[in-house]
Amino acid sequence: MKKLLILSGKGGTGKTTVAAAFIDMLQANAFADCDVDAPNLHIVANLDAVPERKDYYGSQKAIIDMDKCVGCGTCFDTCRFGAITPCDEKYQVDEYACEGCSVCHFVCPHEAVTMVDDIAGEQILYQNGQVFSTAKLKMGRGNSGKLVTEVKATLTKYAQDAKLAIIDGSPGIGCPVIASVTGVDSGAHRCRALPVRHARYGENIRNHRHLRRKSMRVHQQARYLRAAYTGH
């Protein structure tokens, strides 16, 4: 299976529109949406099949047993993410702030903290003559790169006979983008072009040059600060 990946440096450039156009133009029977933070290829894919859904488990989260908690505050003092908050003279975990580091679990003298598997999102698979693999990450959850890898693995598993797969990648430059790029054969990068209008063309060019010079000054200042603090 050959895999064509559509990428963009930021969201909102029209990447999904381009991916949908390729799917329609090439009559692709296998495609995936790897933008798991905000998937939207299903909106234009026009699939009638009822999707198969399954939970995606990411990193673990801490849970405090209120019956065992004595309110000593050891977990509160050691949590560097501010994920533990007071509650009725005891403590509870904010699931959106918890990073799953397990420090509170190890330092609790009363063994009131337990690490449990956390449902970080949902994987979705459509099969009806076409195979469409996608997923949606829950708010405040990490491991988006791992979920992208699962989306691509599911596509490969259920579309083994397909000659071409179109992949709507993740925007930006982070882990989900690296996971999107891994294993593909070719790619297309969707860029937002500088608006060109005869009346404002010169103004746009001047603004672009001004921002570029400003960006270069910021990077130069950052290098000076790094050298001052690190000696490199």
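Predicted model: local features only at pLDDT ≥ 70, side-chain atom pairs only at ≥ 80, totals over all residues.
**Notes on the aromatic pairs, core and surface**

1. The structure holds three aromatic pairs (rings of Phe, Tyr and Trp, the last by its six-membered ring, pair if their centres lie within 6.5 Å; planes under 30 degrees apart count as stacked, over 60 as edge-to-face and the rest as tilted). Tyr126 and Phe132 make a stacked pair, because their ring centres are 5.5 Å apart and their planes stand at 20 degrees.

2. Residues are numbered from 1 along each chain as its sequence is written, and side-chain values use heavy atoms, with hydrogens and water left out.

3. Are Tyr126 and Phe132 buried or exposed? Tyr126 is buried at a relative accessible area of 13%, and Phe132 is buried at 0% (buried means under 20% relative accessible area, exposed over 50%, partly exposed in between, with a 1.4 Å probe and protein chains only).

4. Now to the largest nonpolar core, which has 22 residues (a set of buried Ala, Val, Leu, Ile, Met, Phe, Trp, Tyr and Cys residues joined through side-chain atoms within 4.5 Å). Those with the most contacts inside this core are Ala30, Val36, Leu147, Val151, Leu155 and Ala159. Elements giving two or more residues to this core include β1 (2–8), β2 (30–33), α5 (144–158) and β8 (164–168) (helices, H or I of at least four residues, and strands, E of at least two, are DSSP runs numbered from the N terminus). The largest share, four residues, comes from α5.

5. Leu155 deserves a look of its own. Not counting residues up to four places away in sequence, Leu155 touches Met1, Ala30, Phe31, Ala32, Val131, Ser133, Ala165 and Ile167 (contact means heavy atoms within 4.5 Å).

6. Which residue lies 7.3 Å from Leu7 in space, C-alpha to C-alpha, though 180 residues apart in sequence? That is Gly187, a residue of strand β9 (residues 186–190). Gly187 is exposed, at 59% relative accessibility. Leaving aside neighbours within four places in sequence, Gly187 is in contact with Leu4 and Leu5.

7. One last stop: helix α4 (residues 103–107), where Val107 is found. Val107 counts as partly exposed, with 31% relative accessibility.
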